[in-house]
Structures are given as C-alpha cells and as structure tokens.
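Subject: Structure handover

Dear colleague,

The structure I am handing over follows. My notes on it come after.

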Amino acid sequence: MEGLPKTEEIKFVVVPDDNTRVMQLQAGGIDIMTFVPYNRMDELNNDPNLVALGVPSTSTRYIVLNNNVKPFDDVRVRKALQHGTNKEAIVRFVLYKYGEPAKGFAPKSGLFYNDDIKPYEYDVAKAKQLLADAGYPKGFKTEILVRSGNAVYEQIATILKEQWKQIGVDVNILSLESATAVEKYRSMKHQVTLSGWTNDMNDPSQQVNYVIIPGPAHAYYTDWKSEEAIDLAKQGNRELDLAKREAMYKKIQAIHYDEAPMIPIFHGTYPVVINKKVEGFVQTPLGNY
C-alpha cells in the first residue's frame with residue numbers, strides 16, 4: 001500500500017533493570033519504554049522530550065503464597081496476612097496516582113469481574129488474632145523472593161516487611177536476578193514471592209485456568225487446590241451460555257477470595273513513557289507485545 005509502512009524498522013530491546021532502561025530513554029537510546037517504575041513517571045513527564053501515560057490495563061499484582069509450606073497451608077494465616085496488608089498505603093507509595101487496591105485475583109476491567117466481594121479490611125488486631133488462632137501467637141519468620149532490578153517489587157517487599165512486622169511476621173527479603181528468581185518460584189521453592197498478571201485475551205478462561213486448575217503453573221505457584229473451583233473452571237471452558245458462564249466465573253472468584261491462596265495487591269495502569277517525536281503508538285490493555 002502506498003505510503004506504508006511508515007516506519008522502516010521497529011526494534012524491541014529487553015533490558016531487565018529499570019534504572020538502565022530509564023537512562024537509555026533519557027539518552028535517546030530508546031523511543032518508548034513500557035513498565036516504567038511508577039515513582040519515575042512524574043520525573044520523566046517533566047522532561048521536555050518525553051510524555052508519560054497511565055494506560056488502562058488488565059494488570060494486577062499479587063503476593064503469591066506457597067500453600068505447600070507452613071504456615072501458609074493454614075487459611076487463617078493467609079487471611080491474617082490479608083488483614084495485615086495495607087493495600088491503600090502500597091498504592092499510595094508505589095503507584096502514586098496510577099492504580100487502585102485489588103479485592104480479588106481477576107482484573108477489574110476484565111469480563112465477568114465479581115465486584116460483589118468485599119475487600120479485606122486492614123486490621124492489625126484481627127490479623128494478630130487469626131495468627132494466634134492458627135497457633136502463631138508470636139508470629140513467624142518468612143522470606144519474600146523478589147526479582148532484583150524490579151523497582152515496583154522491591155518497593156512492595158520493603159513496605160510489606162514493615163507492615164507485617166506490626167502483626168508479628170518477621171520478613172527477610174531475598175533479591176535474586178530475574179531468571180534465577182523465576183526458576184525458583186516456578187519450581188515451588190519459594191515461601192512468598194511477588195508477581196503480576198495481564199490478560200492476553202478478554203475472556204476469564206485463560207487466567208482462571210492458570211490460577212485454578214493444577215498443572216505446570218501450580219495454580220499460579222500457590223499449589224492451592226479447590227475441587228469446586230476446578231470443576232467450575234472446567235465447566236466454564238465448555239459452557240456457551242454467557243449468563244451461566246458469568247455465574248461460574250464470579251463463583252470461582254468468590255471461592256478464591258474466601259480461601260486467600262494469594263493476596264491481590266492492586267490493579268495498575270500501564271506506565272508508558274514515549275519520546276515526543278513518536279506518533280501513533282498504542283499500548284494494548286491486554287498485556288505485553
């Protein structure tokens with residue numbers, strides 16, 4: 001077609017370290033940066049050559065608990081951590097204005113999102129009582145695995161260390177190179193890790209299969225198992241009636257919420273910074289390119 005393509009070359013550069021990517025952007029080495037650290041957005045937006053955007057997304061971040069190991073095999077402990085996590089504070093200090101606290105694992109902008117479930121309120125006294133009921137009146141020690149160079153995860157882990165200290169949970173932060181960290185939690189050798197999800201399609205079946213049905217992903221690396229949720233997920237894959245599917249997926253979200261195998265932290269917009277010389281760039285809300 002005449003006049004197309006308008007760009008002779010598009011080059012994707014993968015740079016794991018956030019600070020290195022920011023320096024490349026500021027120096028003009030790259031024209032577009034996705035997954036920008038939220039705490040750098042305002043700074044970069046003030047650069048006369050750049051513009052920062054918070055793009056609507058299906059992104060959700062989680063505290064992933066290995067339900068195979070003590071004390072996370074006890075739902076009371078998992079709920080204690082829910083009540084001991086001040087998500088509002090995390091959003092304020094990590095996301096700035098670019099997101100909101102999450103209630104369940106599903107993306108708020110996704111199909112069949114269950115908005116009826118209520119958020120776990122931040123309640124230190126309730127969290128301590130749940131730990132005592134579970135046999136941990138003095139709390140316990142644990143380790144949070146983070147990928148080094150990821151500013152968002154490093155910030156979240158630091159905040160959690162302070163928040164969970166208030167309920168008696170002593171946190172050690174284990175920072176490993178990204179590939180090593182991923183291998184560790186994929187082989188279920190973690191206690192707690194931080195992770196995130198973005199949809200590749202606007203249907204809940206993809207994420208639900210990953211989070212609910214046992215398999216290579218270990219129910220999103222929690223190894224949590226609910227026969228009722230598994231059965232509903234398999235039905236949802238086959239069901240064609242939209243009203244029935246909606247009821248199934250909302251029920252799955254409710255079961256997952258009640259069992260708390262992992263802790264949804266926040267729904268974030270996609271932080272993107274673009275060189276002002278670039279025109280026509282569109283960020284998909286459904287995940288990575």
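Two strands are taken to pair if DSSP finds at least two bridges between them. Helices (H or I, at least four residues) and strands (E, at least two) are DSSP runs, numbered from the N terminus. The model is predicted, so to read the notes: local features need pLDDT of at least 70, side-chain atom pairs count only at pLDDT 80 or more, and totals for chains, interfaces and linings use all residues. Residues are numbered from 1 along each chain as its sequence is written, and side-chain values use heavy atoms, with hydrogens and water left out.

Strands

Strand β2 (residues 50-65) is antiparallel to strand β7 (residues 262-275), joined to β7 by 12 bridges. β2 is also antiparallel to strand β6 (residues 192-197), with 6 bridges. Thr60 has a partner on each side: His267 in β7 and Trp197 in β6. Leu65 is bridged to Val192 of β6. Val192 is also the bridge partner of Ile144. Strand β4 (residues 140-147) pairs with β6 in the parallel sense, over 2 bridges.

In β2, 12 of the 16 residues are buried, so the strand is largely enclosed by the rest of the structure. Buried means under 20% relative accessible area (1.4 Å probe, protein chains only). In β6, 5 of the 6 residues are buried.

Cores

A nonpolar core is a set of buried Ala, Val, Leu, Ile, Met, Phe, Trp, Tyr and Cys residues joined through side-chain atoms within 4.5 Å. The largest has 44 residues, and Ile63, Ile144, Ile156, Trp164 and Leu194 have the most contacts inside it. Helix α6 (residues 151-165) gives the largest share of this core, 7 residues. Another core, of 29 residues, lies apart from it and includes Phe105, Tyr185, Val211 and Ala229.

Leaving aside neighbours within four places in sequence, the contacts (heavy atoms within 4.5 Å) of Leu194 include Tyr62, Ile63, Ile144, Ile156 and Ile265.

Helix packing

The axes of helix α8 (residues 205-212) and helix α11 (residues 242-259) come within 12 Å and cross at roughly 35 degrees. Axes are lines fitted to C-alpha atoms, for helices over the stretch in contact, and angles run from 0 to 180 degrees between N-to-C directions. From α8, the contact is made by Ser205, Val208, Val211 and Ile212, and from α11 by Arg245, Tyr249, Ile252 and His256.

Regards

Methods. Buried < 20%, exposed > 50% of the residue type's maximum accessible area, 1.4 Å probe, protein only.
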